[in-house]
Amino acid sequence: MATLTQLANQFNSDKGDQVRCCHRYTTLYETIFEPYRDRPISILEIGLQRETTQHQLDCPSLRMWLEFFPQAKIAGFDLTDFSEVDIPRAKTYQGDQSDANRLREVAEDAGPFDIIIDDGSHASAHQQITLGTLWPYLNPGGLFVIEDAHWQPQRDVERREGTETMLSIFKRFSIYGEPIESPYLSDERCHELEQDIVRCTFSHPFVDERTKPQKRSMIREVARRVLKGKKRYSDQRLFKLIVLEKRGTADQSRGLETTAVQMTCDSV
Ligand SMILES: C[S@@+](CC[C@H](N)C(=O)[O-])C[C@H]1O[C@@H](n2cnc3c(N)ncnc32)[C@H](O)[C@@H]1O
């Protein structure tokens, strides 16, 4: 059976280890998504196509998810209209993730979801609107994934100067015990997130045999110190991915856990 990384490479998604940026998120996904693999779950991904190939309309990551989750029902959402692309078991919706009303319409039609992956514009304001709007449509025990948390778009309209990044918001919340605050979320939604999130996982850059041992251990050590609240680290490059786990029906008494993993899945 193919691994998720092999599927990402096969379908041309940069979540694997061969295409363009080679984010290698699949190494972590393989572990955290495994328990869902053979279940009839519902998945929503925001952001469907790599920008350099806009001229060839296709959704590489939707095809990858469909192979990996043979029983899943999959929905995709993007600024671009992919309705002409034939993808079995998947339905795509056109819209802007900064438009809460459109997100809500889609969630009413396709939700609720067990996994939501935000791989859209990556602008923090958009990510906050998306999280706040879709959180009620994430099933108990579900996972909300925010990709490329280390990067912000350059265009002012998306960047909205001064907007706090998701990394900063969730580091403050899960590591330093501060409340969730956002100009894009109601107080009620912030409170709901604080109550509902049982685990925040931060994933830091992949290091492999080509990475100098000194750099490898430096990344691990800084991640460990940040996670233990011993260091406030401003370089957004330290973590690339955030996974928020929603309280399940069986974890009423579970407190908040904060974990850091490398893409190779070592726990810090
Ligand atoms: C990084 S690509 C997605 C890559 C794809 N998930 C994969 O793994 O191959 C980002 C996508 O987000 C879409 N996008 C950018 N801004 C958006 C927005 N405001 N709302 C919805 N989609 C957006 C772009 O059209 C593009 O298709």
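Predicted model: local features only at pLDDT ≥ 70, side-chain atom pairs only at ≥ 80, totals over all residues.
Angles under 35 degrees between two axes count as roughly parallel, over 145 as roughly antiparallel, 65 to 115 as roughly perpendicular, and the rest as oblique.

Select helix α1 (residues 4-11) and helix α2 (residues 25-33): their axes come within 8 Å and cross at roughly 135°. The two helices are therefore oblique to each other. The crossing of α1 over α2 is right-handed. To see the contact, show Leu4, Thr5 and Ala8 on α1 together with Thr26, Thr27, Tyr29 and Glu30 on α2. By class, these contact residues are 3 nonpolar, 3 polar and 1 charged.

Next, colour the open sheet of 8 strands, which has mixed pairing and runs in the order β3-β2-β1-β4-β5-β7-β6-β8. Which strands stand at the edges? They are β3 (90-94) and β8 (257-262); each has a single partner strand, so one side of each is left without a neighbour in the sheet. On average, neighbouring strands are turned by 15° against each other, direction ignored.

Within the sheet, pick β1 (residues 42-46) and β4 (residues 113-118), which pair in the parallel sense over 4 bridges. Isoleucine 46 has aspartate 118 of β4 as its bridge partner.

Finish at the ligand, which has 21 residues around it; Ser13, Gly47, Ser61, Gln97 and Ser121 come nearest. The shell consists of 4 nonpolar, 10 polar and 7 charged residues.

Terms used:
Residues numbered from 1 in each chain as written. Pairing = 2+ DSSP bridges. Axes fitted to C-alpha atoms, helices over the stretch in contact; angles between N-to-C directions. Near = placed C-beta within 6 Å. Nonpolar A, V, L, I, M, F, W, Y, C, P; charged D, E, K, R; others polar. Left-handed = near helix turned anticlockwise from the far one by under 90°. Contact = placed C-beta atoms within 7 Å.
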